[in-house]
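Here is a short report on one protein chain.

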Amino acid sequence: MCVNCNEDKQQVKTDSKPNTEKKEINKQPPLFTYLEPSETNISFRNDIVETDNLNIITYEYLYNGGGVAVGDINNDGLDDIYFTGNTVSDKLYLNQGNFKFKDITLSAKVGGGQGFKTGVTMADINNDGLLDIYVCKSVSSQDELRKNVLYINNGDLTFTEAAEAYGLTDSGYSVQAYFFDSDGDNDLDVYVLNHPRKLKEASVIKIARDEKGKISPAVPSDFTNLSNRFYVNNGKGFKDESEKAGILNDAFSLSAVIGDFNNDFKPDIYVCNDYIKLDRLLINKGKNSFEDKIDEYFSHTSFSSMGSDFADINNDGNSDLLTLDMAPNKNDRRKMMMMMQNYDKFEKMVKYDYGTQYASNILNISNGNDTFSDISFLNNIAQTEWSWSVLLADFDNDGLKDVHVTNGYMRDITNNDYSRYKMDELQKKLNTKQITLKDWVEEIPSIPVSAFLFKNKGSNNFEDISEVWNSGKPTFSNGAAYSDLDNDGYLDVVVNNINDVPFIMKNNGKQQLENNFLSVDFEYEKGKVFTGTIGKLTLSNGETITESYNPTRGFLSSSQHKLHYGIPEGVVAEKLEIIWPDKGMQIIEKPELNKSITVKRNPTSVFKEASINAKFFEDNSAVLGKGFSHIENEFIDFKREPLLHHKLSEEGPAVAIADVNGDGFEDVYLGGAKDFSGKLFLQTNSGNFSKKEILDFEVDKTHEDTDAVFFDANGDGNLDLYVVSGGNETKANTQNYLDRMYFGDGKGNFSRIRNVMPTILESGSVVKVHDVDGDGQQDIFVGSRVKPGRYPETPKSYILKNENGSFKETTIQWGKDISNIGMVTDAEFADLDNDGIKELIVAGEWMPVSVFKFENGTYRNRTTDYGLDNKIGWWNSVTIADINGDSFKDIIAGNLGLNSIFKASDSEPVELYYKDFDRNGSLDPIITTYNEGVSYPLHNRDRVLDQMAFLKKRFTRYAPYSNATMTDIFTPQELQNVKILKANDFKHYLFINEGGKRFKSQPLPSETQISVLNDAVIIDLDKDGNKDIITGGNFYGTDAEYGRYDASIGATLLNRGNSNFEAVMPSESGLKIRGNVQHLKAISVNGARHVLVIRNNDSASLINIK
């Protein structure tokens, strides 16, 4: 959809300021109430006094804040609270009921001592039935002041410091400690997070050659005061077995979660690492040994990983992982903050095994098969400011876990105007002694921000409800914990703030809601450890809520030592299954609601996880053999066109399937990227594939193959091969974009024929063949993707008439409407109205799925007649089949999906303004998105100024640009004749054919919407007579600032009739197709049904359909 702007500036309507109409105010009282110190008697303040020696410049982690631990230290049924103070005394408050607390720090002897205190956790370390307190320390250059402290509970509201006696005086730069039973011997071991002292080296890529000559991250020769530590409890104390356990590292770790990631009843450790080092997933191999398998389970991680939590958010029985980063959600804040990731840095990190990392929160949903999918952009949970703690808990007792996030950094060192301009000025003044270091620090911006609360709406959907529920005033908040402080059945929240009193947030759910609860505690038993215990509560509505007992979570903090279940109004509990760490299980039938119960360990059976056999698929990739892979050439589109939002050079490879040698077995052509030849794989009678060497493929490897098709072009009865040349690497109108025709001899040999094709030098994307004029010869449609270097200018698509094996362009005669349809990505010929004549269906970027009907010797655009014109998207694929059995063909259309930074609707479309604004001969495309009702350019100031240098004089600083709209950036004269593309819908759809006249749109199930959909295979999987759908996708050629689309591992959609589809969990279906999937193709291998999975820059795989 492209329109020209009128001369009047006001005609550029997307630049409108926020709608001044009053929004409907939610009358609901806030779920949380902040209680003043005068009400609670909690007057603690984590005050940090900046000096010339102690400030953000001398120590970058100065404002990471303090932690909070809650737990019942005297077993009176009320949770007490411990706060750590970085430079002030810690405080322990005794809960006296009704939100009244008493400061017992001095009498309990738990002030934390000297030093800079960080994280705190409560755990029964000596297994005597009383909660002890472990406090971590950092910052100081003196080892003695960094020794962590352990307060052993004496049972009389006093504690004895005993870290040295227990072997836990870790003197590293400690952040937090996690107590858990690593080896199943019924005592607590501990994993302590530490970080190196040299923060200035935190973002440096350090590499070295290993013994095999491979360049990889450098490994320190000495891990003293560098590494996280693992201490094993031997019954007499704790012994450092970090090296033996395989956990040594030199990363800047900020949080961890203890959880069973592979369901083998051995606790694993996920470690969140700040700065450049990749997060780690330490899989417990038994006997206190761990192995990092982060890449096997996760497609990417947060870049600066902060706080984390691990819990089942969708009640599917599998725990999900949420990690936090520094990603503002507001337009101005995002553009004022330094980019944490750019493409050059990103590429180096991937190249040297620093992993795939993006600067956003990551919500990894478990697929139930040892893989996770990041859906954080599905509901804007990806961006929540400079965030610290995350807690996953059911705050409104509706049976679904909500999200609480703390935020804020006292000195905004990433502020672009400060870091790029002000800092140099301050450095010069400091050098000439005009100011002190303290003066400098006070010049750094300081902007308090609010915490976030997200309500879980079900089906992996979250709503930002921070204002409605009251997440608290703007401040600098860090550690947080949840606990039912008044035992009313609703979880309260405690937050440790910098230079402010803590937030004691009382939950008002009991007064406002009709939901219910069940609280579960465990009766103390000497010699038994209950961390890792699982509770599964089955409800009368069919839901099962799963909780796991691991109190230390979030950031620097530990939460209540109970399992909490919220139960919706009108629902009762059928049974509570308690599964102990040793797999012993006991069942409590129909537990009474609105009660706190204490469960005594009395297992009556052994838990056996139900074995799940893959119903439909199994991997058969071994038969593909060596070399069945695609290698992408290195090219960074963003260097030439800084304002692109994705690459256009990575849309291959081509794939075509047919029996080319007449032996009855289907063979495969796999296209190559630029400078890599295409490959022909012949299927043998044993069901394997062998590569056939074709000389002309090697000769033509300078082309990039983006699509291909086998068909009999010259009527000799042998299959020939047409290969589309595409990409974006070379200049437009060069020979590299010339398509190729290879004639086959029927024996698997192919030769390029150069004199049968017109010279058309477009960057193509798709080829389809069809006998357009009914002369018995297959004609060709070629869709073009882009004009290289001139995105988004429309390329020319075309039709070639087959004249006895020689092809002549007939676009003007047969398809004038087709020529400039747009940036085409896919197409199909199909008879949609059953009149015996096939229509041409075309997909593309910034356009609707379009239908061209052949009328009176030419193709006419009938998209509007078919009712498809109002859904303008970034369409990637069309698959045609009669899905509902009514004899009319339907359309499965793959789009961008809903899990990206790009959000589009009719009222708030994504738009692309383009024109040669600076008159230098190149196009300047500016993409805009809506934020809080206003359309802003997506890209930051630096990217825009890289493209258009003349704007540097208008935006000499970052602040003016941070809230600039298109009409602020350009003058009315400059906006004259600007062209605008719009997209209003990014969902994948099933377009249902209604009698060949119109299509009704039906979104595909939400399980498909988490990533790009590039292809689909239609097949009856369960043999019920209904056609089912297998989908696949992902796309890695994205801007490093916003993350790649990699959440899909494929989706299996069973047709339940009437075009209703049910998504089968991957663990049940057996479908597991990760990676940069570009094509799914049905293929027969050794007589059996298979799906061939083709990836960009990766190996193909073959899936057997059972």
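The report below starts with overall figures and ends with local detail.

**Basis.** This is a predicted model, in which local features need pLDDT of at least 70, side-chain atom pairs count only at pLDDT 80 or more, and totals for chains, interfaces and linings use all residues. Residues are numbered from 1 along each chain as its sequence is written, and side-chain values use heavy atoms, with hydrogens and water left out.

**Whole chain.** The protein chain holds 18 helices and 75 strands. Both are DSSP runs numbered from the N terminus: helices are H or I with at least four residues, strands E with at least two. Its overall values are tabulated here.

| Property of the protein chain | Value |
|---|---|
| Box of C-alpha atoms along the principal axes | roughly 100 × 75 × 65 Å |
| Buried share of the 1106 residues | 62% |
| Accessible surface | about 41,200 Å² |
| Carbon and sulfur share of that surface | 46% |

Buried means under 20% relative accessible area, exposed over 50%, and partly exposed in between, with a 1.4 Å probe and protein chains only. Accessible areas come from the Shrake-Rupley method with a 1.4 Å probe.

**Cores.** A nonpolar core is a set of buried Ala, Val, Leu, Ile, Met, Phe, Trp, Tyr and Cys residues joined through side-chain atoms within 4.5 Å. The largest has 65 residues, and Tyr63, Tyr191, Ile269 and Val403 have the most contacts inside it. Beyond four places in sequence, Val403 touches residues including Leu322, Ile381, Phe452 and Phe462. Another core, of 30 residues, lies apart from it; Ile927, Ala983, Phe1035 and Tyr1045 are among them.

**Helix α14.** This helix spans residues 811–819, and Thr811, Trp814, Gly815, Ile818 and Ser819 are its buried residues. They lie on the same side of α14, because they cover an arc of only 115 degrees around the axis. That arc uses the directions from the helix axis to the C-beta atoms. Ile812 and Lys816 are exposed on the other side. The buried residues pack against strands including β53 (779–786) and β57 (839–848).

**Glu1041.** This residue sits in the loop between β70 (1028–1032) and β71 (1051–1055). Glu1041 counts as buried because its relative accessibility is 16%.

Key:
Contact means heavy atoms within 4.5 Å.
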